[in-house]
Amino acid sequence: MAPSIIHKSTFLLFLCSFSSAQMHSPDMCFTKDDFGTHCPTTCGIAEYLSRYQPSVDRDLSEIEVSLVDMRNLTKGAQDRVVYMRDSTTQAQKSSSPEAYIRKSSKMLDDILRFEKSIIAQEAQIYQLQEMFESNEKRMIRLKEMSLQLQRRCNLPCKDTVEIQTITGKDCQEIANKGARTSGLYMVKPLKAKESFLVYCEIDSTGSGWTVLQRRRDGSVDFYKNWVQYKEGFGYLSPDDTSEFWLGNEKIHLLSTQSPVTYILRIELKDWEGNKTHADYAMFKLAPEADQYRLTYAHYYGGDAGDAFDGYDFGDDPTDKFYTSHNGMQFSTRDQDNDKYHGNCAQQDGSGWWMNRCHAAHLNGRYYRGGRYTVKNTDGFDFDNGIIWATWHSRWYSLKETTMKIIPVNRLNMGGSQHAGTKQFGG
Ligand SMILES: [Ca+2]
């Protein structure tokens with residue numbers, strides 16, 4: 001790392017760049033248009049325009065054919081008018097006055113009728129020509145846009161982000177070394193073979209949170225498989241604007257580096273703008289051999305309630321027991337480690353420490369507006385939203401969530417904005 005304070009580097013935002021090759025998914029082009037400025041979004045638009053172009057071309061050539069037809073028709077009518085005018089002159093010369101008057105008035109009627117039809121046809125032609133011209137202009141605009149987008153898509157998918165140079169075994173150590181800015185840092189937990197990128201939330205008092213999970217706008221699909229949850233997915237951004245799962249392996253390495261014990265803080269925000277949090281003491285994620293089992297010592301505080309301890313939904317007396325999460329192994333759609341005869345992760349479209357199945361479910365499906373019903377689940381048929389049952393019902397999906405950790409001694413120093421949390425019985 002360069003000795004300068006800030007090291008600017010061209011950096012692929014994909015988490016997977018820092019991990020296994022298996023994470024180089026086919027999603028080079030990210031098609032969610034609400035994701036913002038990331039290059040892959042434009043590939044989708046260019047692809048859409050390219051698809052649109054042949055059908056507009058086809059329309060234009062059809063209009064051209066009808067214009068030619070109309071022109072031929074008009075020409076025929078004009079010929080007939082000329083012919084009739086000639087016959088009138090001829091009749092004037094050859095016929096008797098009465099016969100001439102009768103014949104000529106009939107012809108005049110015919111001429112009038114034909115002239116009217118010519119005028120109508122000309123108006124139609126004019127209309128079609130206008131349509132043709134406006135379509136041509138539109139086509140030119142679309143072609144320009146398509147070219148522009150194609151040029152942009154041909155550029156390598158990159159973003160210039162600042163990666164801070166201070167490193168440490170976690171964000172708190174980085175803050176202890178003097179960092180006072182939130183952003184992207186490289187960390188290397190004690191047992192880690194190599195360092196990896198994390199988002200550090202550092203406040204002015206020197207508290208350094210290492211962020212493990214972030215939901216904020218539904219831009220990232222959290223219905224992923226075991227390897228993806230192991231390695232992490234989504235995007236890390238220096239200004240904390242994107243969604244991600246840091247990865248079970250990294251969370252394991254961070255949370256088990258003795259002698260540090262960590263507080264896990266879960267921050268939640270609903271669609272009405274209310275915020276709350278829940279803290280857990282001695283948060284740890286077991287190694288992959290134990291399927292990244294979640295353990296903590298006890299609920300440490302916060303107003304969100306202890307949803308990790310399960311919730312009595314009132315369906316069954318065993319609800320609370322079978323929806324608790326402490327001690328559960330991690331499950332994904334392709335690795336069922338839950339306590340249910342079915343597959344909770346598959347039926348709820350997520351990866352999580354499933355029991356039978358959950359009272360807390362922060363990797364669930366994103367529902368805009370919060371409230372949803374079985375009918376909105378597109379066949380999942382279960383409460384699969386972003387749920388914290390002790391705060392909002394399981395049919396209310398939260399707007400934003402954060403999971404982050406800090407060494408317990410730092411939290412107790414009172415430096416944190418949420419300091420002074422109540423201690424519940426162990
Ligand atoms: Ca099962």
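A salt bridge here is a side-chain nitrogen of Lys or Arg within 4 Å of a carboxyl oxygen of Asp or Glu, and by this rule there are 17 of them. This is a predicted model, in which local features need pLDDT of at least 70 and side-chain atom pairs count only at pLDDT 80 or more, while totals for chains, interfaces and linings use all residues. Residues are numbered from 1 along each chain as its sequence is written, and side-chain values use heavy atoms, with hydrogens and water left out.

**Salt bridges within helices**
- Lys75 and Asp79 pair through their side chains at 3.6 Å, N to O.
- Both sit in helix α1 (residues 40-94), 4 residues apart, about one turn of the helix; helices are DSSP runs of H or I, at least four residues, and strands are runs of E, at least two, numbered from the N terminus.
- Arg113 and Asp110 form another salt bridge, with the closest N and O atoms 3.1 Å apart.
- Arg113 is exposed at 53% relative accessibility, whereas Asp110 is buried at 14% (buried is under 20% relative accessible area, exposed over 50%, partly exposed in between, with a 1.4 Å probe and protein chains only).

**Across elements**
- Asp309 and Lys320 meet at 3.3 Å, N to O.
- Asp309 lies in the loop between β11 (298-301) and α6 (319-322) and Lys320 in helix α6, so the pair ties together parts 11 residues apart in sequence.
- A network of salt bridges links Arg214, Asp240, Lys269, Lys399 and Glu400.

**A covered helix**
- In helix α5 (residues 248-255), 7 of 8 residues are buried, including Ile251 and Leu253.
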